[in-house]
Every structure is written in C-alpha cells, then in structure tokens.
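Please keep the sequence and the structure at hand while reading.

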Amino acid sequence: WQLLHFTEYTSRIMSFLRATKLLSEKGNDAILLVNDSIAKLGSDLTSLEEALAAFNEVNPKLESDINVVPFPQNEAKRIIFAPTGKLNTDFSDNRNIADAACNGIKKANSLGLKNLLLVVGPLTSLPRSRGTFTSRENIELSAILGACYGAYTPIEVREQVPSRAVKIDSLKVFGASEKLVSVASAVEQGRIITRDIHGSDPERMAAPRIAQYIEEQLGKPHKNVVQVQIDPVDEKKHPLMAAVDRAASVIERHRGRVVRLTYQSADFDADKDETIYLVGKGITYDTGGADVKVGGMMAGMHRDKGGASATTGFFKTLALLMPSHLKVVGLCAYVRNSIGENSYVADEIITSRAGKRVRVVNTDAEGRMAMADLLCEAKEQALKDKNPRLFTIATLTGHVIRTYGLNYTAAMSNGLGCELGLPQLLQKAGNNLAEPIEISTIRKEDVELHTGKTEYEDVLQHNSGGGPFASRGHQSPAAFLQMASGLIDHGLDSSTPLAYTH
C-alpha cells in the first residue's frame with residue numbers, strides 16, 4: 001500500500017500541474033499572485049490590480065507581507081498576494097521568486113485552499129540586464145518549483161497519516177507554456193524522490209528499503225529508459241566503502257547497497273556526446289562511527305545522504321524528459337556509519353580499489369571513504385569514453401556551512417574541469433533555478449595535507465585535528481577523493497586528463 005500510495009502521489013504531479021490562459025475558471029479557490037508590486041500588472045491583470053489597490057486603501061502594508069485579498073468578481077473569490085520584494089538590489093536573485101511562491105502555497109494550505117491559480121506578475125523591478133534572473137522562462141520555472149516545494153508532503157506523513165497526504169489538489173499556471181509546465185513536472189517528480197530518500201528517518205530509508213524504493217520508482221516504471229543495478233557492498237570491489245559499512249553489515253536491515261543507474265539517449269554518439277558520471281554520498285545514518293558524535297551532534301544525521309538521493313532523483317527527471325545526445329551514469333553509496341564491535345577505527349590502513357594505501361584518521365570522515373572507490377570505478381569507465389565528466393556529490397560537510405552559510409552549495413574542479421569552466425556552468429544553472437552555488441578552489445595544500453607522512457600509507461584520510469573547524473575543511477576532501485581513487489593521475493599533465501568536479 002505504501003508503494004502504491006507513493007506512485008499515486010508522484011503520478012498526481014502530472015495532473016496536479018497544468019498551464020492555462022484563463023484568469024477566471026471554475027474550481028479555483030484562490031489566485032496566488034507572485035510579484036514585486038501591486039501596481040503596473042499589465043492589461044491582462046487589470047482586475048487583480050484594481051482589487052489590490054482597493055485593499056491597499058485598508059491595508060497600506062499590503063506589499064510587505066503575504067496577504068489574502070477579497071476578489072469577489074472572480075470565480076476564485078480571493079487573491080493571495082505573495083510579494084518578492086524589490087528585485088533590482090545587489091542581493092536579489094531567483095530565490096526571491098521561489099520563496100514567495102512557496103510561502104504563498106503554505107498560506108493557502110493554512111486556509112484549507114486546495115485549488116490554486118499561480119500568476120507570476122511582470123516583476124517590473126527586475127534589473128535591465130536581468131543579472132542572475134536570466135530569462136522569463138527561468139523566472140516562471142523558479143516560481144512553479146517553489147510552489148511545488150511548498151506543496152510537498154514528506155513520505156512518512158503520506159504513509160502514516162493518509163488524511164494529510166495531499167496539501168494542494170491542483171496548481172494551474174497562468175500564461176506559462178505547456179512545455180515549461182511539463183519540464184517543471186519532471187523536475188519536481190525527481191525532487192520528490194530526492195526529498196523522500198534524503199529527509200526520511202534512518203529506518204524508513206535504511207539502505208535495503210532505499211533499494212526497494214528505487215526499484216519501484218525507477219526500475220519498474222522506467223525499465224526501458226533507466227537501467228538499475230543494486231548490489232550489496234563488496235569488500236573486494238569497494239574496500240573503503242566496505243569499511244564504513246562494516247559495523248552495519250551484521251544487521252541485515254542496515255546492510256549497505258551500491259546503486260548503479262544508467263541513462264543513455266537513443267541518439268547518443270559515443271564519439272561526440274558527453275558522458276556524465278555522478279557519484280553520490282548516501283550515508284543513511286552517521287553516528288560518527290568509533291569517533292562517535294557527542295554533545296547532541298548526532299541528531300539530524302539521517303540527512304547525510306543528500307548526494308546520493310539527489311543523484312537518484314535526477315534519474316527520474318532524466319527518464320521523464322529523455323534529453324538527447326547524453327549518457328549519465330549514477331553511482332550511489334548507500335551505507336550506514338554505525339558504531340559497534342565491528343566498527344572500523346582510526347589507524348587502520350586499507351588499500352583502496354585504486355591500490356592506494358589509505359590510513360584512517362577519523363571514522364567520522366566516512367563520506368569520502370564511501371565515495372572514493374565508486375569514483376575509481378567511474379574513472380575506469382571514463383577512460384574508455386571520448387568526452388567524460390566526473391562529479392562527486394556530498395552532503396553535510398560542516399565546513400562548507402561554516403564557510404558559506406546554510407543553504408549554499410560549494411563546487412570545485414580539478415585542472416581540466418576549471419579549463420572547461422564547469423564550476424561556473426554549475427553556478428549559472430543554480431542561479432537559473434534558485435539554487436545558489438559558490439565556487440571554491442582545490443589547492444596544493446589540500447594535496448599536501450592528505451599525502452602519507454610515513455612509509456606505511458600513501459594517503460591520509462583526514463586531518464588529525466580540527467574537524468569541521470579545520471582550515472580548508474571542505475576543499476581538502478576533494479583532494480583526498482582524487483588521491484584515493486587514482487584520479488589525481490589524470491590531471492592536466494597526463495596524457496589522459498579527466499574533468500572532475502566535487
């Protein structure tokens with residue numbers, strides 16, 4: 001029933017979203033207007049502007065907060081005005097729009113309004129150059145995805161309290177193209193999978209249950225588009241990952257899984273087109289291992305699997321949109337970093353898949369251990385490709401939060417990745433979708449930090465002190481991943497350079 005319920009929930013998104021050219025339509029409970037002002041709405045929205053102006057006489061602070069405005073001349077009877085604030089400041093971006101739409105949905109839900117018409121206004125304060133806002137399509141897409149985020153219901157709520165499973169029954173988008181709405185629907189369905197895996201508790205989304213979930217949501221409905229292969233962690237193939245999985249492996253319901261996902265378009269040309277490798281960190285729960293998290297720092301560690309969950313969700317979007325001239329391979333390490341008599345410990349020396357002797361320094365630096373062997377596997381495949389790009393995606397690097405703050409991603413590339421401008425491309429794409437990305441740099445000090453200090457080891461897994469407060473605490477793991485996987489041997493000075501981004 002739970003899996004059926006999820007299938008119904010995701011399939012609803014396709015009917016939940018639709019484009020319309022009608023401002024007044026039976027069945028709408030409210031018009032959700034996302035704009036920077038109540039004035040200059042344009043000829044198509046004259047009736048809304050008049051209603052807002054009349055209400056502004058009563059509430060002159062209308063533009064400063066979300067408000068519900070009577071609109072009796074329309075079938076919807078009311079307007080929910082969700083202000084974006086001024087968009088021509090030095091610090092405005094697409095999040096102003098996405099957040100306004102999300103907050104508007106939450107307001108509607110608090111009032112029990114289930115059927116909404118989303119109207120993205122003209123946003124007259126947009127800078128002339130558009131800056132980070134780019135196109136009107138990206139602005140509308142940000143608003144739709146922000147609204148969908150506000151309408152999302154966590155999987156535990158859907159399963160345990162079915163009466164609260166659905167917050168919004170329908171969301172029509174005024175003036176948007178059918179193509180844009182279909183893209184938004186595909187992206188949101190992928191994001192639902194990402195949120196379900198990433199946000200759920202450590203038992204609901206333990207590795208075996210994640211594997212079952214992926215089979216149901218990708219393996220069965222998209223078997224002709226996305227190849228799914230799921231295996232237990234194999235110490236011979238992935239020795240570093242197996243060390244992290246060791247304590248959990250003796251408990252069957254926690255035993256780790258390696259998930260391989262492949263999408264290849266029908267017109268893919270191996271001699272010309274890009275092959276993208278995504279290696280995702282999927283720590284289903286992080287106790288810290290033998291270097292156990294103390295002082296309340298363990299709470300929230302079920303959300304240490306965002307890299308793998310984002311990779312998995314992305315394949316749902318690929319399956320729905322089926323982009324041309326592209327191959328994407330996902331390698332996800334879904335393992336639990338437990339503490340117990342079988343835990344891996346500091347000072348162990350473990351030989352990686354690439355043959356590098358890695359000395360463990362801190363078992364709480366488990367994400368890089370889980371990903372390094374999969375990155376090596378991706379490297380082995382990429383060396384056979386004409387135009388590969390490799391990425392590792394991690395979550396909960398405390399240092400990046402301390403560097404850039406909450407809700408920001410950092411991206412950094414090796415030499416060829418920098419020459420190709422991959423961090424800048426990611427940053428631009430993030431701006432388009434209200435997902436800001438900051439650019440960091442991998443330096444020689446990061447390599448020096450992880451270089452073995454004795455004849456026992458080739459690579460040190462972690463700085464011996466400092467944890468998330470250590471200098472360069474989010475850049476140096478990218479150096480470790482290249483070193484432990486052997487990718488560092490494929491830099492700009494190599495005859496076979498590979499582009500890599502973390």
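Where is R204 found? R204 is in the loop between helix 6 and helix 7 (207–219). The model is a predicted one, and the values below are computed from it.

**R204 and its surroundings**

R204 counts as buried, because its relative accessibility is 9% and the limit for that class is under 20%. A polar contact of 2.8 Å joins the side chain of R204 to that of E159. With neighbours within four places in sequence left aside, R204 is in contact with I155, E156, E159 and R209.

**Nonpolar cores**

In soluble globular proteins, nonpolar side chains tend to be buried together. In this model the largest nonpolar core has 38 residues. The residues with the most contacts inside this core are L17, V34, I105, L116, L118, I144 and L171. Among the elements that give two or more residues to this core are strand 1 (17–20), strand 2 (30–35), strand 4 (77–83) and strand 5 (115–120). Strand 6 (170–174), helix 3 (94–110), helix 4 (136–151) and helix 6 (178–199) are also in that list. Helix 4 provides the largest share of the core, eight residues.

I105 shows how separate stretches of sequence meet in contacts. Apart from neighbours within four places in sequence, I105 is in contact with L32, L116, A147, G150, A151, I168 and L171.

A second, separate core has 35 residues, including A242, A243, Y277 and V459. V459 is found in strand 16 and is buried, with a relative accessible area of 3%. Beyond its neighbours within four places in sequence, V459 is in contact with K356, R357, V358, R359, H450, G452, F480 and M483. How far apart are V459 and I155 in space, C-alpha to C-alpha? The distance between V459 and I155 is 40 Å, and they are 304 residues apart in sequence.

**Salt bridges**

Side chains of opposite charge can pair when their charged atoms come close. The count of salt bridges in this model comes to 25.

| Salt bridge | N to O distance |
|---|---|
| E25 and K172 | 3.7 Å |
| E274 and R389 | 3.6 Å |
| R472 and D446 | 2.8 Å |

The pair of E25 and K172 forms a salt bridge between side chains. E25 lies in the loop between strand 1 and strand 2 and K172 in strand 6, so the pair ties together parts that are 147 residues apart in sequence. E25 is buried, at 15% relative accessible area, and K172 is buried too, at 8%.

E274 is partly exposed, with a relative accessible area of 32%, whereas R389 counts as buried at 12%.

R472 forms a salt bridge with D446. This pair links distant parts of the chain, 26 residues apart: R472 is in the loop between strand 16 (459–460) and helix 15 (476–485), and D446 is in helix 14 (residues 444–450). R472 is partly exposed at 27% relative accessible area, while D446 is buried at 1%.

**Surface patch**

Which residues make a nonpolar surface patch of about 250 Å²? The patch is made by V292, V294 and I339. I339 is found in the loop between strand 10 (326–337) and strand 11 (349–351). I339 is partly exposed, with a relative accessible area of 46%.

**Positive phi values**

K77 is a residue other than glycine with a positive phi, near 75 degrees. K77 is found in strand 4 and counts as partly exposed, at 48% relative accessibility. L123, also not a glycine, has a positive phi of about 50 degrees. The place of L123 is in the loop between strand 5 and helix 4. Is L123 buried or exposed? L123 is buried, with a relative accessible area of 1%.

Methods. Residues are numbered from 1 along each chain as its sequence is written. This is a predicted model: local features need pLDDT of at least 70, side-chain atom pairs count only at pLDDT 80 or more; totals for chains, interfaces and linings use all residues. Side-chain values use heavy atoms; hydrogens and water are left out. A nonpolar core is a set of buried Ala, Val, Leu, Ile, Met, Phe, Trp, Tyr and Cys residues joined through side-chain atoms within 4.5 Å. Buried means under 20% relative accessible area, exposed over 50%, partly exposed in between (1.4 Å probe, protein chains only). Helices (H or I, at least four residues) and strands (E, at least two) are DSSP runs, numbered from the N terminus. Contact means heavy atoms within 4.5 Å. Patches are made of residues with over 30% relative accessible area and no salt bridge: like charges are joined within 9 Å, nonpolar side chains (Val, Leu, Ile, Met, Phe, Trp, Tyr) within 5 Å. Accessible areas come from the Shrake-Rupley method with a 1.4 Å probe; for residues, only the protein chains shown count as cover. A salt bridge is a side-chain nitrogen of Lys or Arg within 4 Å of a carboxyl oxygen of Asp or Glu. A polar contact is a pair of N or O atoms within 3.5 Å; within protein, one must be able to donate a hydrogen and the other to accept it, and residues adjacent in sequence count only if both atoms are side-chain atoms.
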